[in-house]
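Here is a short walk through one protein model. Keep the sequence and the 3D view side by side as you read.

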Amino acid sequence: MNRIAMVLVFAFPLAALCQQPSRQAVVRVQKTSLSRAQEIEIGQQFSKQVEREMDVIHNAKIENWLNQIGDKLARTPEANNYPYHFQLVNDNSINAFALPGGPMFVNTGLLKAADNEAEVAGVLAHEMSHVALRHGAAQISKQQTWGSLFQIIGVAAGTLTLDQSGQCGMLCQLTQTGTALGANSVLMKFSRDYERDADLNGARMMAAAGYDPMQLPLFFQKLQKSMGTKTEPRGLALWLADHPATSSRIRYVSQDIRFYPKRDYDASTGEFPEIKKLVATLPPPRPQPGMLILAKENATPRPNLPQGFKDYVANGFSVAYPESWGVGQPQPGSSLYIVPQGGLVKGQNNSEELIAGAMIDYYVPKAGTSTVNLEASTREFIDAMRQGDANLKADSPQRAQVGGKAALKTRLTTRTSLQQDPDQVVYLYTVPRESGLWFLVLAAPHSLLSNFDPIASQMVGTVQFPN
């Protein structure tokens, strides 16, 4: 290392010697009304949603490497004995995040920006510390809500996930207080005090696992220097904006290290160069079904909609619906529902049963999204529905146009749990798209078809796709 670089790296620690604290900083596990079991359940539920919304790559070599690092960190006392698990997200922005209870997601952009394994371990340790110190759970408790990572709009979901006593259970409460995934999410945006504690706890976790703890703040310093340059990584400004100033991080981590037991930092697996090359060969990320059904941020409603209709502009399509209906996802990872009051009820195994209204999602064929064939994929989808519904009967599909695209319309009949009017008619519209077979289900009790059919036709006529 040349003299200039040494001065840059050690300037803050040396200056801090003049005002070194006499005791190690206190890092607190936050108090929360959530039990550990509830934290873990929340994390598992929203982990499913992440996998539907983000391009999570199941690459055995990279995942094994991430979990090898994570396991070393998780065995330290600072990890607080949570069941951590690490997955790779195909996204070039700099990011990594943890869900309550231990699910961890690491962007490919973070691995591309890092120069060694210890830098990656530092970011993982920081994010794991938010779990270990119960920051997400504390955020939820402070707002007196169970919180939600994802946008759930308008639908009265309490009727969907009632517990056996008829009260709104945990997942029911999750759906009632949605907030968009991002910087303002209840579980993703932490105070500077929380970030400082995560830095300190993460540095202690690194040292206990055998990684150089100074790599945590120095990695942020390196990233900060690239801001405003042609080499600035994607998403860097947002990443750094949510964390303390780099100079402060170097100072307080340096002060804290004085209290660590002396040891060699030799925990590296030696696999980082190979992992770095492998990440560079990954294909570009693909839009995921769970993201495509979510409302598009800052979207402008379309003009000239049918009278009395509102617009829902999603990332993958647009559709209009009667303004008296509600829109939402009744639980994390579920399909999008657009229903009138009472249009959804709780089904078996806490699933949702559509009584009247619309459901929209993407069906991913067994062979993957590279083989989305209109006829074959629709047939496979209907066969899959039959396996879960012995009452389901399907007419022959008819050619149709939806949003200017070739489509199939299939009339289905089945029976619902509605005792006074169980016979149901379902119109299934299917359109092949890049991320799967897009489908629109429009359903109503047989006795209400005369009123429902005109609404269904109007809704289908408003569907548009971005290309």
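Begin with a pair of charged residues. R302 and D311 are both buried. Their side chains meet in a salt bridge, with N and O 2.7 Å apart. Bear in mind that the model is a predicted one.

How many salt bridges does the count come to? It comes to 14.

Go next to R134. This residue is found in the loop between α5 and α6, the latter covering residues 135-142. R134 forms a salt bridge with E39, and the closest N and O atoms are 2.6 Å apart. E39 sits in helix α2, residues 36-53, while R134 is in the loop between α5 and α6, so the pair ties together parts that lie 95 residues apart in sequence. The C-alpha atoms of the two residues are separated by 8.7 Å. The two side chains are also joined by a polar contact of 2.6 Å.

Are these two partners buried or exposed? R134 has a relative accessible area of 13%, so it is buried. The cut-off for buried is under 20%. E39 has a relative accessible area of 1%, so it is buried as well.

What else does R134 touch, leaving aside its neighbours within four places in sequence? Besides E39, R134 is in contact with V29, Q30, T32, L34, S35, R36 and Y82.

Now turn to R415 and D423. Their side chains meet in a salt bridge too, at 2.8 Å from N to O. The setting here is partly exposed. R415 has a relative accessible area of 46%. D423 has a relative accessible area of 38%.

Leave the charges and look at the strands. Strand β2 covers residues 85-89. Four of its five residues are buried, so β2 is largely enclosed by the rest of the structure. Which strands does β2 pair with? One partner is β1, residues 56-57. β1 and β2 pair in the antiparallel sense, over two bridges. Here V56 stands opposite V89 of β2. Another partner is β4, residues 103-107. β2 and β4 run parallel, and five bridges join them. In this pairing F86 stands opposite M104 of β4.

Finally, look at the nonpolar residues. In soluble globular proteins, nonpolar side chains tend to be buried together. The largest nonpolar core of this model has 42 residues. Which of them touch the most other members? They are L66, L73, Y84, L111 and Y211. Helix α5, residues 117-132, gives the largest share of this core, with nine residues.

Take Y84 as a close-up. Not counting residues up to four places away in sequence, Y84 touches A74, A79, G102, M104, M128, V131 and A132. One of these, M104, is the residue of β4 that stands opposite F86. A second, separate core has 34 residues. V425, V431, V460 and F465 are among them.

Note on methods: Residues are numbered from 1 along each chain as its sequence is written. This is a predicted model: local features need pLDDT of at least 70, side-chain atom pairs count only at pLDDT 80 or more; totals for chains, interfaces and linings use all residues. Side-chain values use heavy atoms; hydrogens and water are left out. Buried means under 20% relative accessible area, exposed over 50%, partly exposed in between (1.4 Å probe, protein chains only). Two strands pair if DSSP finds at least two bridges between them. A nonpolar core is a set of buried Ala, Val, Leu, Ile, Met, Phe, Trp, Tyr and Cys residues joined through side-chain atoms within 4.5 Å. Contact means heavy atoms within 4.5 Å. A polar contact is a pair of N or O atoms within 3.5 Å; within protein, one must be able to donate a hydrogen and the other to accept it, and residues adjacent in sequence count only if both atoms are side-chain atoms. A salt bridge is a side-chain nitrogen of Lys or Arg within 4 Å of a carboxyl oxygen of Asp or Glu.
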